[in-house]
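Keep the structure open while you read.

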Amino acid sequence: MLGIPAVADRVAQTVVARHLMRRVDPVFHPDSYGYRPGRSALDAVERCRERGWKRDWAVEFDIAKFFDSVSWDLLVKAVEVHTDAVWVKLYVRRWLAAPLVMPDGSLLERERGTRQGAPVSPVLANLFLHYAFDTWMSREFPTVWFERYADDAVLHCVTERQARQVLAALADRMVDVGLQLHPDKTRIVYCKDSVRRGSFEHTAFTFLGYTFRPRRGRNRHGRQFLLFDPAISREALTRIGREVRSWQLHFRTGISFGELARRINPAVAGWINYYGRFRPWELLPFLMRIDAYLVRWIRKKYKRLTAKRKALAKLQEIARRYPRMFAHWRLTTDACSI
């Protein structure tokens with residue numbers, strides 16, 4: 001559940017967040033990517049990809065109900081390390097303890113956690129995990145690589161034994177700081193490829209909307225080989241597919257084709273920019289579904305183009321004449337595949 005502060009609190013929290021960020025960002029771990037200027041989720045995915053090629057084993061983990069479980073005492077101690085401003089510590093304590101006003105007007109008292117939706121929550125969450133996880137890993141397992149984005153992270157190990165050792169220690173560490181690993185989203189994964197043979201229970205994991213698993217590729221000589229590579233996850237495809245269906249494009253015949261493009265392009269371009277960074281051709285079946293909706297729009301809009309063949313020919317004609325009208329047309333270059 002999101003906890004949206006009142007306007008005055010949002011302004012004050014933004015001030016506090018900037019105050020803290022100037023002080024804590026320089027000391028954050030280089031492999032911490034969430035909610036930091038100049039870093040993105042795609043940077044974390046790219047680094048994870050590079051390290052997955054170099055090390056055979058990975059530990060995928062996720063913290064169960066992280067934002068609802070953060071210890072206030074430990075979080076305030078972390079804040080006090082980086083600022084002596086009394087007003088900052090005072091307001092942080094007040095915001096953490098403030099009850100939630102429910103839709104029916106009742107108040108929900110809380111004893112721990114930092115609310116998602118509050119401007120100050122990202123920097124507080126990152127600061128908490130900096131001490132709960134990042135510095136702990138650097139101290140206890142300095143040779144283990146990792147990428148962390150908020151409460152989602154992947155660790156890279158040399159051997160299965162090391163992976164099991166790290167995971168066991170990590171579970172104990174989370175308990176020590178009042179957290180718990182998500183049982184369904186925490187696992188040891190074998191990064192199988194053409195060189196890494198053998199079998200293991202898990203050979204895939206999902207990180208920031210990308211599923212890493214063995215995939216076919218070609219080397220510079222045109223020969224096929226198996227590599228451990230990321231592509232858009234099935235869950236992400238399902239989610240954006242449902243959103244496209246909810247648009248009901250084929251029923252929006254009261255607007256022009258150009259207006260239709262202007263309405264959907266921001267969302268589609270965002271999906272392409274994010275999920276198309278790695279193996280963009282995996283997006284093609286989904287993007288062709290958008291073209292299929294556009295064909296249905298043409299058939300409903302114009303009586304003379306009711307036949308699917310004619311509507312398809314018209315879409316191809318428009319795509320050739322205005323290849324940049326729709327954001328996804330730069331990938332779906334052949335509308336005949338609809």
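Predicted model: local features only at pLDDT ≥ 70, side-chain atom pairs only at ≥ 80, totals over all residues.

**The four-stranded sheet**

Let's start with the open sheet of 4 strands, which runs in the order β4-β5-β1-β6 with antiparallel pairing. β4 and β6 (187-190) sit at the edges with a single partner strand each, so one side of each has no neighbour in the sheet. On average, neighbouring strands here are turned by 20° against each other, direction ignored.

Now for the pairings. β1 and β6 are antiparallel and share 4 bridges, and E60 stands opposite R187 of β6. At the other end of the order, β4 (residues 145-149) and β5 (residues 152-157) run antiparallel and are joined by 5 bridges. W145 has H156 in β5 as its bridge partner. The hairpin of β4 and β5 leaves 2 residues between the strands, and A150 takes a positive phi near 60° there.

**The three-stranded sheet**

The other sheet to look at is also open, with 3 strands in the order β7-β8-β9 and antiparallel pairing. Here β7 and β9 (224-232) are the edge strands; each has a single partner strand, so one side of each is left without a neighbour in the sheet. Neighbouring strands are turned by 50° on average, again ignoring direction. β7 pairs with β8 (residues 210-218) in the antiparallel sense over 3 bridges, and F207 stands opposite Y210 in β8.

**Helices on the sheets**

Here's who packs where:

| Helix | Strands touched | Angle between directions |
|---|---|---|
| α2 (residues 41-54) | β7, β8 and β9 | about 155° with β9 |
| α8 (residues 234-247) | β7, β8 and β9 | about 45° with β9 |
| α6 (residues 121-140) | β1, β4 and β5 | about 170° with β4 |
| α7 (residues 160-176) | β1, β5 and β6 | about 20° with β1 |

α6 also meets another helix. How do α4 and α6 cross? The axes of α4 (residues 72-82) and α6 come within 9 Å and cross at roughly 90°, so the two helices are roughly perpendicular to each other. On the α4 side, the contact uses L74, L75, A78, V79, V81 and H82, while α6 brings L124, L127, F128 and Y131. By class, that contact has 9 nonpolar residues, 1 polar and no charged ones.

**Empty space**

Rolling a water-sized probe over the atoms shows where empty space is left. The largest pocket has a volume of about 460 Å³. It is lined by 17 residues, and the closest to its centre are E60, D62, D152, K185 and T206. β1 (57-62) and β7 (205-207) each supply at least two residues of the pocket lining. By class, that lining has 9 charged, 4 polar and 4 nonpolar residues.

α5 (86-97) and α6 each supply at least two residues of the cavity lining. The lining divides into 5 nonpolar, 4 polar and 2 charged residues.

Notes: Residues numbered from 1 in each chain as written. Heavy atoms only, no water. 1 Å grid on protein atoms, 1.4 Å probe; cavity = no way out; pocket = protein on both sides within 12 Å on 5 of 7 lines; lining within 4 Å. Points joined across faces, edges and corners; volume = space filled by probe spheres on them. Nonpolar A, V, L, I, M, F, W, Y, C, P; charged D, E, K, R; others polar. Axes fitted to C-alpha atoms, helices over the stretch in contact; angles between N-to-C directions. Parallel < 35°, antiparallel > 145°, perpendicular 65-115°, else oblique. Contact = heavy atoms within 4.5 Å. Pairing = 2+ DSSP bridges.
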